[in-house]
Amino acid sequence: MNKRWRRLLATVCWYVLILVAFVPLFATATEPVPDKVIVLTFDDSVASHYTVARPLLKRYGFGATFFITEGFSFRTNKKDYMTWEQIAELHRDGFEIGNHTRDHLGINIHNTVRLKEQLDAINDRCREHGIPTPVTFAWPGNAFHTNALPVLQTAGIRFARRGGEPEVPYQKGGGVAYEPGADHPLLIPTAGDARPNWTLENLKQATAMARNGRIAVLQFHGVPDHEHPWVNTPKERFEEYMAWLHAEGYKVIALRDVARYTDPRFTPANPLQAIQRRLQAQASNTSSNAQAKQP
Ligand SMILES: [Zn+2]
């Protein structure tokens with residue numbers, strides 16, 4: 001072997017060594033999603049998250065994400081909203097603190113320019129209270145717009161939860177299962193959106209979707225919620241739901257924990273692809289049902 005070839009071989013060997021050493025640092029191994037995985041989320045910094053939800057979740061060893069906003073009467077009404085000290089305690093307990101914007105800003109095409117400042121304000125408060133910068137987000141009022149996706153990504157948000165719409169109308173309090181890898185990680189759908197008239201049957205419907213590689217994301221507001229009665233869950237109902245999840249052996253996790261099953265850096269080229277596919281499937285089901293009914 002002459003000198004030139006030896007040098008070339010040495011160079012190739014170096015490249016191979018570098019690849020072997022560094023590739024594992026960037027590649028994230030993910031696990032298949034087992035059945036019965038539930039993501040539990042609580043919106044709007046409601047006082048009962050601390051007084052009612054916290055002790056129950058700790059008793060059952062459940063994970064959960066609390067999406068924090070300083071909107072509504074958060075700053076003045078400490079009867080109905082948590083203090084930052086209580087929020088920090090949730091973090092120290094091991095629960096996840098997620099971002100829900102400073103003012104509970106419903107995102108639309110006109111106001112995405114305000115989103116960064118809204119996220120930063122909550123991030124600043126987290127830092128002041130020893131809480132890590134949130135990596136998850138819940139769209140306030142469940143209103144989303146694809147223009148906001150780059151803003152969330154730049155702010156370090158890895159996963160974001162929307163509502164059950166447009167697949168299921170808001171009034172129904174239902175939704176669809178999250179399909180990791182198919183749904184955009186910043187447009188994760190709610191499977192069940194708890195309402196005052198919900199019963200254990202509604203919870204069962206939502207959680208039944210947690211199978212075949214799909215995860216059911218549950219959305220709660222206050223348990224109870226005095227300021228927003230249309231999304232209130234009575235304390236007794238909430239206790240019943242959590243006891244049932246525990247008895248049925250569900251694995252209850254925070255939104256950040258879905259990173260175990262999917263890599264948020266891989267996003268579909270069309271962020272709305274999964275939503276459009278479900279809507280098309282619904283439309284073709286409706287038309288074939290209508291045809292079947294024809295005499
Ligand atoms: Zn909210």
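Author: A helix here is a DSSP run of H or I with at least four residues, a strand a run of E with at least two, numbered from the N terminus. The expected span is 1.5 Å times one less than the number of residues. Helix H2 (residues 47–60) has 14 residues and reaches 20 Å from its first C-alpha to its last, close to the 20 Å expected. This is a predicted model, where local features need pLDDT of at least 70, side-chain atom pairs count only at pLDDT 80 or more, and totals for chains, interfaces and linings use all residues. Residues are numbered from 1 along each chain as its sequence is written.

Reader: Where does H2 kink?

Author: A bend is the angle between axes fitted to the seven residues ending at a residue and the seven starting there. In H2 a kink of about 45 degrees lies at Ala-53, shortly before Pro-55. Just after H2, Gly-61 has a positive phi of about 70 degrees.

Reader: Which residues of H4 are buried?

Author: A residue is buried if 20 or more other C-beta atoms lie within 10 Å of its own, exposed if 12 or fewer, and partly exposed in between, with C-beta atoms placed from the backbone. In H4 the buried residues are Leu-115, Gln-118, Leu-119, Ile-122 and Cys-126. Viewed down the axis of H4, they fall within an arc of 95 degrees (taken from the directions from the helix axis to the C-beta atoms), so they line one face of the helix. On the other side of H4, Glu-117, Asp-124, Arg-127 and Glu-128 are exposed.
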